[in-house]
Amino acid sequence: MEHAGGTRYRRDAATGGIKVMPDAPVLVRYADDLLALCHTREQAAEVKDRLAQWLQPRGLRFNEEKTSIVALTQGVDFLGFNIRRYPGGKLLIKPSKTAIKRARQRLSDTMRRQRGANASAVNRGLNPFIRGWAAYYRTVVSSEVFQSLDAHVWRLLYKWASFTHPKKPKKWITARYFGQFNPHRRDRWVFGDRDSGAHTVKFAWTAIVRHPLVKGRASPDDPALEQYWADRRRKRTPPLDKHRLGLLRNQNGRCTVCGDFLLHADHEPQSPHEWQLWLSATKKAIDRQSITHQVSGLGRRDNAPSHRLIHAHCRPEHYAQQAAARQSANAREPSQLA
């Protein structure tokens, strides 16, 4: 498709890498969505004609209602992102206004359903979406958007607390539901549950991590580049807390039972919803594994729990290894007479 659209590559003499030739268009494709970045409007029309001819014998064609040619200074939305060249020539990629509007509506609907619920239920309703949405947009210019969404969530939470306790003064409400619940953050306005200590995460807590470009024509389907893609997955920093990231680095990103990669074994989540599901499943698996090692660590003399990360499907084998280790330790201990 790139060849049909006119994309041409050349080898950079300085770095040895492969780059797009000057004045050549750049094609970005995901599933059945396509974005062609061109230098002129005439070139964009020519690329469209070429691709239309390439698609026709394959039984495909453009959806004219969704296909348009616009100047990059006006901006274009693609997969929930807005790509725009601002005054001064700087190109910035941000979450699109439509995506931000949907996120605000989703948060408002979630809080509307939580009326009458307790603080723990509010946390469970908000946290998966916040983590997933922030993880999807953390590779672009999203800091200001994250802060604006945090402000929106704060207003929703304060409105929920005021509705739950209509006869209580403002100081009582803020003292009960807001405080420094996250010990790793110097933020006294975190919403949380005083009984359990659970709190609502914030969008801004997800660090911005720039997406590293794929080299040249590297394809994940090329068996010769298996190590290249494995190295890329290992270098990526998943949106986990410091404790889980430390465990992940200590294990070189691999499960201590089977030795396979723990994260992104096939591909990285490709939407906010996929990130939400992935983070929820990962958190459950890691929490269960931590509890398992805390319980198994109680039998040791130093009483210090040992935490490791494993796949959820590796737990039965892990339990078998723990049982065999305990039996071996008991067999080596000398018998003691009363």
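## Salt bridges and cysteines in a predicted model

At 25% relative accessibility, D109 counts as partly exposed, a class lying between buried (under 20% relative accessible area) and exposed (over 50%), as computed with a 1.4 Å probe on protein chains only. The structure is a predicted model, in which local features need pLDDT of at least 70 and side-chain atom pairs count only at pLDDT 80 or more, while totals for chains, interfaces and linings use all residues. Residues are numbered from 1 along each chain as its sequence is written, and side-chain values use heavy atoms, with hydrogens and water left out.

D109 pairs with R112 in a salt bridge, defined as a side-chain nitrogen of Lys or Arg within 4 Å of a carboxyl oxygen of Asp or Glu. Because D109 and R112 are 3 residues apart in helix 3 (residues 97-113), about one helical turn separates them. The count of salt bridges comes to 4, including these:

| Pair | N to O distance |
|---|---|
| D109 and R112 | 2.8 Å |
| E64 and K48 | 3.0 Å |
| D187 and K202 | 2.5 Å |

E64 and K48 form a salt bridge that links distant parts of the chain, with E64 in the loop between helix 2 and strand 5 and K48 in helix 2, 16 residues apart. K48 is partly exposed at 24% relative accessibility, whereas D187, at 18%, counts as buried.

A search of the whole structure finds 0 disulfides, a disulfide being a pair of cysteine sulfur atoms within 2.5 Å. C38 is partly exposed, with a relative accessible area of 26%, and C258 is partly exposed at 33%.

Terms used
Helix = DSSP H or I, 4+ residues; strand = E, 2+ residues; numbered from the N terminus.
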